[in-house]
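Hello,

Here is the structure for you to look over. My notes follow below it.

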Amino acid sequence: MRQARLRILAFIVVCWVNTVHAQQDVEILIEKPDAAIQAQIQKLFNTLQKSGDDARSNIDVWREVKALKQLSTDKDKLVRQLALFVATTKSEEDSHVLVAAGILYFLDFPPSVPIRVFAPYLGTDNRQLRSFVEMWFYSHDKAANDSPPLRPVNYDDYLDYVRLKIGRGEEIPAPFIRYIYERSPGQALLVFAYAAGSRDVAVKLEAMHTIIEARKQGKEPEPQPELGQQFEERRRARSKEKREIELAEHIVSNAIWLNKNGFTDRFQAALPEANEQLDKLAKGEWWAKLYVVYIMRQNPPFLKDSILRQLAEDENKLVSEAASSKSISKPR
Amino acid sequence: MAIHMQQMLILMACLTTCAHCVAQQDVDTLLSESNPAIQAQLQAIDRVIRPVDGFSNNVESLREIQKLKELTDDKVELVKQVAIFSFAPGPETQPMTAGAILYYMQIPSRNTIRALAPYLDTKNPQLRSFVLDWFHGHDHADAGEWEAVNYKDYLDYIRWSVNRGVDIPAPFIRYIYERSPDRALLVFATGTADIGGQLKAIGKSVEARQQGRELTEQERGEIRQMQAKKQQQGQERREIVLAEHIISNAIWLDKHGYIVRFQKTLPEVKEALATLIEGEWWARLYVAWIMRRNPAFVQPEMVKRLAGDSNELVKETAKAINLQAVKAAVDVQRPRAAKAAPER
């Protein structure tokens with residue numbers, strides 16, 4: 001009896017800890033409300049609700065949008081405040097989430113703004129905020145199951161975002177990484193393969209900047225031919241790696257296409273080479289390993305327990321979590 | 001000699017005038033549909049619009065655009081009027097302003113495609129700039145492999161035209177093939193399926209059920225025929241989709257420099273092209289475009305056959321393939337392939 005009680009208590013504590021952790025991200029948002037911006041968002045929200053079917057032709061809506069934009073030139077701040085509004089507002093059937101998506105549309109900001117503001121909230125436990133953020137990403141990348149080939153996935157802006165983060169040595173939010181891999185593992189792999197050299201470029205630029213600054217101060221920096229050689233060697237290695245990954249992804253996606261379209265014989269012929277590529281990628285960088293996990297989880301014919309078990313022990317948390325989880329579904 | 005020269009000049013002048021006449025035709029047709037009230041309202045918008053400032057800084061123009069929308073419910077007609085406005089006398093930036101007005105009007109893409117598709121190859125520079133800017137901005141087909149290429153609305157447009165028996169304008173067909181032959185092929189393979197026949201079959205069953213009777217033998221026969229046709233279409237579509245996949249795969253390998261792998265795909269590509277050339281005009285048009293774009297795929301006997309095709313579009317595309325230039329390009333590629341290092 002006592003043991004059962006302890007188990008229940010442990011269960012409650014675990015749930016509570018998880019909830020606290022999940023709530024933290026929203027709490028960070030809630031800490032920083034801007035009263036004027038929140039009031040204007042509410043005003044715009046009310047106007048939109050009254051505007052009827054064709055809000056885009058409603059002058060009052062545009063007037064309120066303009067007023068909102070005039071409150072801050074910081075686009076990130078406005079979008080963050082909108083996210084806060086979504087997370088803290090209560091409405092019947094969460095209708096405010098849809099209206100907020102409308103507000104974001106009317107703000108007409110470049111995709112780079114919502115990407116960098118929303119990326120950390122893709123996995124939030126706040127239901128309204130999660131729907132709001134997912135809705136934006138879904139409509140942006142169009143990576144739904146039925147999209148290709150006539151309307152393929154748009155990961156262009158995600159590549160810019162990842163490049164920027166890697167170039168600055170900043171951490172890429174885990175929920176964002178999970179999201180892009182779940183939606184389109186092939187595109188996500190290429191995003192990382194293309195962005196991987198961004199840090200090298202940044203370091204090279206920093207080194208050049210140091211030399212220029214030194215010259216400006218009348219100093220002649222010591223020549224560092226080995227540094228140039230190092231950069232060149234790294235660039236070559238990156239380029240070779242990128243090429244290999246491109247080909248691997250092409251071979252795997254070709255096999256997936258054949259399987260998906262029911263060309264069974266051709267798929268069986270393509271399978272050994274695709275498996276060979278997956279084996280190689282499973283020994284590569286963490287983002288290549290993550291690709292292997294998502295491909296195996298989403299495409300049962302590629303599943304190899306031995307590789308998943310090995311990846312479940314990986315030092316990268318995203319890889320080990322994904323490999324241990326049974327819940328990776330088909331792309332949403 | 002002088003007389004000969006004079007005749008030549010006269011001939012040239014005549015030819016230029018004729019070409020000008022043909023070029024002017026589409027513009028004249030469009031102008032004849034000009035609606036004075038709508039054009040006046042477009043001028044009113046022109047006076048207040050600031051294209052680069054974004055929606056929220058253009059409240060005044062939005063008010064004027066609202067008035068414009070109230071003049072007619074016909075969205076295709078509105079787009080047509082904006083097209084007329086794009087080449088009306090005015091500053092050089094007139095097509096750009098027309099583009100901004102169209103953007104601010106937020107008209108569904110299907111209406112814009114329907115209105116502008118016939119003018120994709122117009123010789124009027126302003127109208128062409130306006131029309132091409134819209135289509136380029138819509139499909140992103142030249143934005144590189146990362147950007148989404150959007151042919152979904154083109155599929156809807158073709159379905160809409162096929163179901164109503166409306167001609168698809170040749171300039172539009174040329175445009176979508178030139179931008180992306182593979183997607184254009186898939187658009188036609190999907191958009192031309194006989195949905196009407198399938199709907200008819202369903203309609204017959206529903207009608208019989210509503211009337212509380214069994215299907216007659218004749219109706220059953222018709223439904224069986226339609227089902228067989230559907231199955232055959234499905235099989236044909238499957239072959240087309242696979243052929244396109246094989247060819248795209250080869251193009252990818254070539255573009256990324258996997259020469260050995262690319263060479264290995266060539267026999268299969270040849271087979272895929274041979275399947276497609278036996279198909280409908282839109283499949284043959286794809287073959288012509290693929291050969292025009294990829295010298296390694298050119299087979300002179302196929303080009304000759306396509307150049308004599310009964311379809312004008314296929315014929316003109318095949319005739320534009322320069323066989324000599326193709327031979328030169330392939331001659332350059334061959335030693336490259338022989339020397340290529342083995343690929344993983």
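**The interface between chain A and chain B**

Chain A and chain B bury about 3700 Å² between them, and 55% of that area is on carbon and sulfur atoms. Please keep in mind that this is a predicted model. The size of an interface is often given as the accessible area lost when the parts come together.

Who takes part? Chain A brings 41 residues to the contact, and chain B brings 36 residues.

Two salt bridges are counted between chain A and chain B. One of them joins the side chains of Arg261(B) and Glu273(A), at 2.7 Å from N to O. Polar contacts were searched for as well: ten residue pairs turn up across the interface of chain A and chain B, with both residues at pLDDT 80 or more.

Which elements of chain A give two or more residues to the side that touches chain B? They are these helices of chain A:

- H3 (59-70)
- H8 (156-167)
- H10 (185-195)
- H12 (225-260)
- H13 (264-281)

H12(A) gives the most to that side of chain A, with ten residues.

**A nonpolar patch on chain A**

There is also a surface patch to look at. Leu205(A), Met208(A) and Ile212(A) make a nonpolar patch of about 290 Å². Ile212(A) sits in helix H11 of chain A, which covers residues 198-216. Is Ile212(A) buried, exposed or partly exposed? Its relative accessible area is 48%, so Ile212(A) is partly exposed. The cut-off for exposed is over 50%.

Best wishes

How values were computed
Residues numbered from 1 in each chain as written. Chains lettered and ligands numbered in written order. Predicted model: local features only at pLDDT ≥ 70, side-chain atom pairs only at ≥ 80, totals over all residues. Heavy atoms only, no water. Patch = residues over 30% accessible without salt bridge, like charges linked within 9 Å, V, L, I, M, F, W, Y side chains within 5 Å. Areas by Shrake-Rupley, 256 points an atom, 1.4 Å probe, with all protein chains shown as cover. Salt bridge = Lys/Arg side-chain N within 4 Å of Asp/Glu carboxyl O. Helix = DSSP H or I, 4+ residues; strand = E, 2+ residues; numbered from the N terminus. Buried < 20%, exposed > 50% of the residue type's maximum accessible area, 1.4 Å probe, protein only. Contact = heavy atoms within 4.5 Å. Buried area = accessible area lost by both parts, 1.4 Å probe. Polar contact = N/O pair within 3.5 Å; in protein donor to acceptor, adjacent residues only side chain to side chain.
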